[in-house]
Amino acid sequence: VPLFYERNGDALPAGWLAKVRASLSRLCPRVEATRMLKDYVIHYYEPAAVRSEVMRADGDERAKALVRWERHVLRAWPSVAVMATDHEVLPGRGEGGGDVHRMSAQVVLGEVDPADVAVQVLVGPIGPDDELRDPVVLPMRPAGPGDRPDWTRYEHDLAIPGSGVMGFTVRVVPHHPDVRTYTDIGRVAWAG
């Protein structure tokens, strides 16, 4: 700050301007448009071009199948719900005799095929406002029928390292090999 207010005979902050020039000479090669464009080409444009070729092959058949799948999932999604969650400690079942924590969920899929969803548990430390902080997202596996005829039980076993107050929640998201992320579909069913 003092450099900004130290003015030379031309009323310019020469020391401050020297720092600005030095900073620009060091940073510009890292943040210039050429590097940014290269990153976009490598990470977005080229993969999108390859994906477009794959989806358009055979008269756009794969793209049409994806649209049919998405329409079905969107139409049937209101029937998807996480009905219950539970947690159980399995003493001594972990590596070295430690405890394993079994998180379970009972899920209703309605008209959505089990292959069209991923049931996930999010596990992490509990923050001051009872929120999960930096949760880890883990897949749950089908573990048989639930407590009611149309419910399915999903589970995930986890040895939780360290200490502290941990928590979890469960979500169901659409899953398809041609969908990069469930957020592209815009549907999530969370545990209540």
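**Salt bridges, sheet and overall form**

At 48% relative accessibility, Arg68 counts as partly exposed, a class that lies between buried (under 20% relative accessible area) and exposed (over 50%), with a 1.4 Å probe and protein chains only. The model is a predicted one, in which local features need pLDDT of at least 70 and side-chain atom pairs count only at pLDDT 80 or more, whereas totals for chains, interfaces and linings use all residues. Residues are numbered from 1 along each chain as its sequence is written, and side-chain values use heavy atoms, with hydrogens and water left out.

Arg68 is joined to Glu61 by a salt bridge, with 3.1 Å between the closest N and O atoms; the term denotes a side-chain nitrogen of Lys or Arg within 4 Å of a carboxyl oxygen of Asp or Glu. Glu61 is likewise partly exposed, its relative accessibility being 38%. In the whole structure, 10 salt bridges are found. Another of these pairs is formed by Asp178 and Arg62, whose side chains meet at 2.6 Å, N to O. This pair links distant parts of the chain, since Asp178 lies in the loop between β7 (166-174) and β8 (189-190) and Arg62 in helix α3 (residues 33-76), 116 residues apart. The two partners fall into separate accessibility classes: Asp178, at 10% relative accessibility, is buried, while Arg62, at 40%, is partly exposed.

A further salt bridge is formed between Asp157 and Arg141, whose closest N and O atoms are 3.4 Å apart. Asp157 belongs to strand β6 (residues 152-158) and Arg141 to strand β5, so that the pair ties together parts of the chain 16 residues apart in sequence. Both side chains belong to partly exposed residues, with relative accessibilities of 28% for Asp157 and 36% for Arg141.

Strands β5 and β6 are both part of an open sheet of four strands, which has the order β1-β2-β6-β5 and antiparallel pairing; strands count as paired if DSSP finds at least two bridges between them. Its edges are formed by β1 (81-90) and β5 (141-145), each of which pairs on one side only. On average, neighbouring strands of the sheet are turned by 25° against each other, direction ignored, with axes fitted to C-alpha atoms and angles running from 0 to 180 degrees between N-to-C directions. The antiparallel pairing of β1 with β2 (residues 100-108) extends over nine bridges, and Thr85 stands opposite Ala105 of β2.

Taken as a whole, the protein contains three helices and eight strands, defined as DSSP runs of at least four residues (H or I) and at least two residues (E), respectively. From the N terminus on, these elements follow the order α-α-α-β-β-β-β-β-β-β-β. The radius of gyration is 26 Å, well over the 16 Å that the globule rule gives for 192 residues, so the protein is more spread out than a compact globule; the radius is taken over C-alpha atoms, and the rule is 2.2 Å times the number of residues to the power 0.38. Along the principal axes, the C-alpha atoms fill a box of roughly 85 × 55 × 35 Å.

Buried residues account for 26% of the 192 residues. The accessible surface amounts to about 12,900 Å², 55% of which belongs to carbon and sulfur atoms, as computed by the Shrake-Rupley method with a 1.4 Å probe. Of the contacts (heavy atoms within 4.5 Å) between residues at least 6 apart in sequence, 54% join residues at least 24 apart.
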